[in-house]
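Subject: A structure for you to look at

Hello,

I am passing on a structure that I would like you to open beside this message. Please read the notes below with the sequence in view.

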Amino acid sequence: MSSITLLALDTSTEFCSVAVYRHDPASDAPALVVERHLDTGPVSSTHILPAARDVLREAGLALADCDAIAFGAGPGSFTGLRTACGVAQGLAFGAGLPVVPVGTLLACAEAARATHVDTQRVLVALDARMNEAYWADYVWDATAGDWREAQAPSLDAAELVRAPDAPFVVAGNAAVAFGDRLIAAQQAQAVLADAMPRARYVATLAARAFARGEAIPADQAMPVYIRNKVAQTTAEREAIKQAAAQADGKGAS
């Protein structure tokens with residue numbers, strides 16, 4: 001298998017996270033990851049393209065050198081999900097690249113394993129606002145070298161998040177947001193509140209998905225909301241328009 005080069009985007013939380021990932025599976029060398037992870041609050045749409053230019057420049061790459069563009073597909077912030085998906089589509093259309101959607105809850109599980117390498121079971125729970133949590137349950141399959149979904153991403157009151165039936169850790173910020181209301185966390189071996197979605201973990205998951213042939217055409221990319229979606233904001237539309245223009249040769253490429 002030849003090397004895989006990806007540009008990864010995630011704006012599902014208050015962070016604007018962008019990374020370039022490059023890895024040759026035939027080599028023993030670790031993957032190259034250049035990342036910008038910025039606490040931008042609700043204005044990630046104004047930072048995502050400059051961050052993409054920065055990481056590509058630092059990695060010595062152009063957008064055309066990438067095999068695909070990965071993005072955190074959700075669940076998460078409505079605005080953030082639409083921004084990442086739309087910008088990924090705009091860049092991919094202009095550069096003639098496919099995209100790889102990656103679940104944000106799965107990215108939390110990947111983050112947990114990156115910092116706690118012996119982790120085998122991860123209950124992911126993120127604050128979804130409105131007194132609810134996004135949550136899912138993942139099992140590490142050592143034979144496949146990837147995650148298996150034990151519980152699909154769901155949206156429930158914190159009290160209804162179910163603990164796995166085997167030793168597990170909790171990843172995500174819901175334990176901090178809800179405290180004792182997240183009853184499942186009281187049974188966990190550890191609570192990893194900092195194991196949150198970010199571009200470097202979106203990229204590592206996307207690289208495995210790309211190797212399995214799971215990249216899709218840009219026009220098929222869609223966010224995963226779980227809650228009902230709402231209309232795009234003016235800022236989101238502008239970010240998407242800028243991405244398309246820059247991919248046509250005015251910026252990131």
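Let me start with cysteine 108, which is buried with a relative accessible area of 0%, where buried means under 20% relative accessible area, exposed means over 50% and partly exposed lies in between, using a 1.4 Å probe and protein chains only. Cysteine 85 is buried as well, at 3%. The structure holds 0 disulfides, a disulfide being a pair of cysteine sulfur atoms within 2.5 Å.

Before going further, please keep in mind that this is a predicted model, in which local features need pLDDT of at least 70 and side-chain atom pairs count only at pLDDT 80 or more, while totals for chains, interfaces and linings use all residues. Residues are numbered from 1 along each chain as its sequence is written, and side-chain values use heavy atoms, with hydrogens and water left out.

Next comes the sheet. Its 5 strands form an open sheet with mixed pairing in the order β8-β7-β6-β9-β10; strands (E, at least two residues) and helices (H or I, at least four) are DSSP runs numbered from the N terminus, and two strands pair if DSSP finds at least two bridges between them. At the edges are β8 (146-156) and β10 (190-192), each of which pairs on one side only. Strand β7, residues 133-141, pairs with β8 in the antiparallel sense over 8 bridges, and aspartate 141 stands opposite aspartate 146 in β8.

There are also 2 aromatic pairs, and rings of Phe, Tyr and Trp (its six-membered ring) count as a pair if their centres lie within 6.5 Å, with planes under 30 degrees apart called stacked, over 60 edge-to-face and the rest tilted. Phenylalanine 78 and tyrosine 225 form an edge-to-face pair, 5.6 Å centre to centre and with 65 degrees between the planes. Because phenylalanine 78 lies in helix α2 (residues 78-95) and tyrosine 225 in the loop between α5 and α6, this pair ties together parts that are 147 residues apart in sequence. Phenylalanine 78 is partly exposed at 22% relative accessibility, whereas tyrosine 225 is buried at 11%. The rings of tryptophan 140 and tryptophan 147 have centres 5.1 Å apart and planes at 75 degrees, so this pair is edge-to-face, and both tryptophans are buried.

Finally, glycine 213 sits in the loop between α5 (199-211) and α6 (234-250), and counts as exposed at 60% relative accessibility. Its C-alpha atom is separated by 9.8 Å from that of valine 100, although these residues are 113 residues apart along the chain.

Best wishes
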